Amino acid sequence: MPPEFPLPVPSPLAVSAQGLAEKIVSGGAIVTLMKDTVQRYLVGHFTWVDPHRIFWFTAHGDAAEDGHVLDFEELRLVPNQRISFYRAGKRIACLATIRAAGLEDPDDYHIAWQLWQEVAPRRAKLIVDCLERYSPPDEDEVVWAERPPRAIPARLPA
C-alpha cells in the first residue's frame with residue numbers, strides 16, 4: 001500500500017480533495033466504512049456537501065436509504081487512488097478506485113459500474129431528493145471558505 005501524503009492546507013486541500021474525488025469516482029469507486037464489520041458500497045453518485053461532509057448514493061440503489069452521508073474531521077489523500085476520512089483521529093471511511101479498494105473480484109465491480117451508467121439517469125431525481133436532505137442551508141455556505149478540511153501528517157515508514 002503506498003504511503004499517504006497530505007496536501008497543503010487550508011483551502012488548497014479542499015480543492016485537491018474534491019478534484020481527487022472526481023477523478024476516483026469517474027472510473028468507478030468504492031466507499032468503505034470501517035465499523036464493527038467493514039461495509040463497502042459501489043458509488044453511483046458522490047458529492048461534497050461541505051468541507052466536512054460527503055454524500056454518496058449506492059450504485060443500483062432504488063430507495064432513499066441508498067443515499068448516505070459521512071461527517072469527518074480530517075482527511076488524507078493518496079493521489080490517483082484514495083481519500084481516507086478520519087474522526088477523532090480514527091479512520092472511519094475511505095473512498096477508493098475499484099482497483100485500490102482491495103476487493104476480491106474488482107472485475108465484477110467494474111461490470112456493475114458500467115451497467116450503472118445506463119441506470120443512473122433514471123435515478124437522478126431520487127439522488128437529488130436524497131442529497132437535498134443533507135445539504136446545508138444557504139447561510140452555511142460560508143463554512144466552506146472558513147473551515148476547510150484539515151490534513152493530518154502522513155505516517156511514513158521509517
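Is Phe85 buried or exposed in this structure? Phe85 counts as buried, at 1% relative accessibility; here buried means under 20% relative accessible area, exposed means over 50%, and partly exposed is in between (1.4 Å probe, protein chains only).

A word on the basis of these notes. This is a predicted model, in which local features need pLDDT of at least 70 and side-chain atom pairs count only at pLDDT 80 or more, while totals for chains, interfaces and linings use all residues. Residues are numbered from 1 along each chain as its sequence is written, and side-chain values use heavy atoms, with hydrogens and water left out.

1. Aromatic pairs. The whole structure holds 6 aromatic pairs (rings of Phe, Tyr and Trp, the last by its six-membered ring, with centres within 6.5 Å; planes under 30 degrees apart are stacked, over 60 edge-to-face, the rest tilted). One of them joins Phe46 and Trp48, which are edge-to-face because their planes stand at 85 degrees, with the centres 6.0 Å apart. Phe46 is buried at 12% relative accessible area, and Trp48 is buried at 14%.

2. Trp48 and Phe85. These two rings form a tilted pair, 6.1 Å centre to centre with 55 degrees between the planes. Trp48 belongs to strand E2 (residues 38-50) and Phe85 to strand E6 (residues 82-87), so the pair ties together parts 37 residues apart in sequence. Helices (H or I, at least four residues) and strands (E, at least two) are DSSP runs numbered from the N terminus. Phe46, Trp48, Phe72 and Phe85 form one aromatic cluster.

3. Arg53 and Asp71. The model has 3 salt bridges (a side-chain nitrogen of Lys or Arg within 4 Å of a carboxyl oxygen of Asp or Glu). In one of them, the closest N and O atoms of Arg53 and Asp71 are 2.6 Å apart. This pair links distant parts of the chain, with Arg53 in strand E3 (residues 53-58) and Asp71 in strand E4 (residues 67-71), 18 residues apart. Arg53 is partly exposed at 24%, and Asp71 is partly exposed at 33%.

4. Lys125 and Asp129. Their side chains meet in a salt bridge at 2.9 Å, N to O. Both residues sit in helix H2 (residues 106-134), and because they are 4 residues apart, about one helical turn separates them. Lys125 is exposed at 60%, whereas Asp129 is partly exposed at 33%.

5. Thr58. This residue lies in strand E3 and is buried at 13%. Neighbours within four places in sequence aside, Thr58 is in contact (heavy atoms within 4.5 Å) with Tyr41, Leu42, Gly44, Asp66, His68 and Trp116.
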